[in-house]
Amino acid sequence: MCMAKVRVLVGTRKGAFILESDGKREHWDISGPHFAGWELYHLKGSPADPNRLYASQCSGWFGQMIQRSDDGGKTWAPAGNQFVYDGVPGTHQWYDGKPRPWEFKRVWHLEPSLTDPDTVYAGVEDAALFRSTDAGATWQELAGLRGHGSGPHWQPGAGGMCLHTILLDPGDPQRIFIAISAAGAFRTDDGGQTWKPINQGLNSLYIPDPTAEVGHCVHRIAMHSSHPQVLFMQKHWDVMRSDDAGDSWHEISGNLPTDFGFVIDVHAHEPETIYVVPITSDSLHYPPEGTLRVYRSRTGGNEWEALSKGLPQSDCYVNVLRDAMAVDSLDSCGVYFGTTGGQVYASSDAGDSWKPIVRDLPGVLSVEVQTLA
Amino acid sequence: MIRVVLPAHLRTLARIGGEVKLEVEGPATVRSVLDALEALYPMLRGTIRDHVTKERRPFVRFFACEEDLSHDSTDAPLPEAVVKAAEPLIVLGAIAGGKLSLLEASA
C-alpha cells in the first residue's frame, strides 16, 4: 500500500487551486480558489519543508503580492512585495529597439532553495533575479545578472521581458541557471554574483544575428537532479540540449511535428526521458491539427513518440504555458500539465495515458507538484 | 477619524470586513490617510501606490464627496465632510486593468 501523497499546486488567471491525492492518484481533493480573482503566476513548495509554500499573486490593478503558507496551503499570509532594482536600473531595449528604463512589473517564478525553507529566488519582469533569505519578507536583487553588460541589449518577448526559469544545481550550491525571454539563458558559478550568457549553439532566425550571444527567446529549461550538467531547452522554436551545463547547445527536435512550444520537463527517475507539448507556431498558440499530444523522448531527444491516450484528439485549441508542466517522484512517475482552457491533465504511468484531474478552472498559468511522504 | 472604503480585493487581502476607520496625525490628506492605512495594514503597501515613489497605481482612483481626487496633490486637504467622517475616502479600482497582463502571460 502506497502511503505517499501528491499535492499539485495550480496557478491560474483567477486564483490558485491545490489538488491532493494519495499515491494511487485516482481521486483528487480540490481546494480553492485561493486569492480568488487575482492572477497566480506561480506557486512552489520548499524541497526542505514541503509545508512551506510560496505564491506569486498579482493584479493589473493592485500590483504584486507574495503569499506564504506554513501548513501546505491551508492558510496563507502576505509576505514582502517590495522589489526594487539595485542602484540605477538603467535601460533595456523596447520592441522597437529604443532604450527603455527597467521597470518592475511582476514575479513570474518563485524557486525555493533546495536546503533552506526561508531562502527563495524570484524571477521577475522586467527581467531580474531577486532573493529573499527571510521567508519572503524582504527581497534583494542579484544585480550581477543585469550587470553582466549585455543588459542594455535585452529585449522583451511577446509576453514581456520576463525571467521565467530558475534552476538550482543540486550538486553545486554556487551554480544557478536562469532564462529570460528574450535574452536567453545565463549561468552563475559563484552564487549569483557574476553571470555569463550560455547561448552558444542556439540559432534564432527571427533575430538580426541568429547566433548572437544574447537575444534568444528561451521559453523553458529543465534539468534532472542527478545530471545537472545536462540541460533541456524549449526555445521559441527548437528543442535544444546541452551536455556541458549550457556552454554549448545542439538541437534535438528530431521528428517533432513542430518544435515550437513552451513547456519541457524530465522524468523523475529517467534522466534521458523528456517531455514537451508541441504548439503549432508563434502565431497559432494551439496544438497542431487541434489534437493535444504530449511528446516523449526516451533517448534524450531527437526520437519522439506522441502520447495521446486520454487527451482530446479533435477540436482542441488550448495552449500549455511555460510553467505549466511538472512531474512527481513516485515509483511510477506522474506527469502533469495545465492548459489555458482550465484543464489539468495527469498521467500516473509516465505519460502512457492521461486523464483530466480537474477540467474547468480558469486558464492555467503554472503547475507544480509535491511528492509527500 | 477618517473613514476609508477599499476595493473588495484589497479588503480580502487585508482581511477587512467593511470600512476602515483611521486616526490620522496632522492634516488629513490622501498621503496622510494612506500612510496611516499602510501602517495599520502593511500588506497594502505597494497595492495602492508605489512603495518608493508613492505614485498612485494607474488603475486605482481616489474619490470623496462625488469628486475625483485622483489628480489632485496628495498633500491637498481632504474635503471637510471626510475630515468629519460624514463621508468616506473611497479607493476605487478602475473598470479596466488586468487585461494587459492577461495577454502577456501567453507568449
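**Loops and backbone geometry**

A:Gly159 is buried, because 22 other C-beta atoms lie within 10 Å and the cut-off for a buried residue is 20 or more. The model is predicted. A:Gly159 sits in a loop of chain A, between β13 (140-141) and β14 (162-168). A:Leu284 is 125 residues away from A:Gly159 in sequence. In space, their C-alpha atoms are 15 Å apart.

Now the backbone. Most residues other than glycine have a negative phi, and most peptide bonds are trans. Which values go against that pattern here?

Take phi. A:Phe35 is not glycine, yet its phi is positive, near 60°. A:Phe35 belongs to the loop that joins β3 (29-34) and β4 (39-45) of chain A. A:Phe35 is buried, since 24 other C-beta atoms fall within 10 Å.

A:Asp238 also has a positive phi, near 90°, and is likewise not glycine. The loop here runs between β19 (227-235) and β20 (239-242) of chain A. A:Asp238 has 24 C-beta neighbours inside 10 Å, so it counts as buried.

Next, the peptide bonds. What is the omega of the bond from A:Glu125 to A:Asp126? Omega is near -5°, and the bond is cis. A:Asp126 lies in the loop between β11 (120-125) and β12 (128-132) of chain A.

The bond from A:Ser181 to A:Ala182 is cis as well, with omega near 0°. A:Ala182 is placed in the loop between β15 (176-181) and β16 (184-188) of chain A.

Note on methods. Residues are numbered from 1 along each chain as its sequence is written. Chains are lettered from A and ligands numbered from 1 in the order in which they are written. This is a predicted model: local features need pLDDT of at least 70, side-chain atom pairs count only at pLDDT 80 or more; totals for chains, interfaces and linings use all residues. Helices (H or I, at least four residues) and strands (E, at least two) are DSSP runs, numbered from the N terminus. A residue is buried if 20 or more other C-beta atoms lie within 10 Å of its own, exposed if 12 or fewer, and partly exposed in between; C-beta atoms are placed from the backbone.
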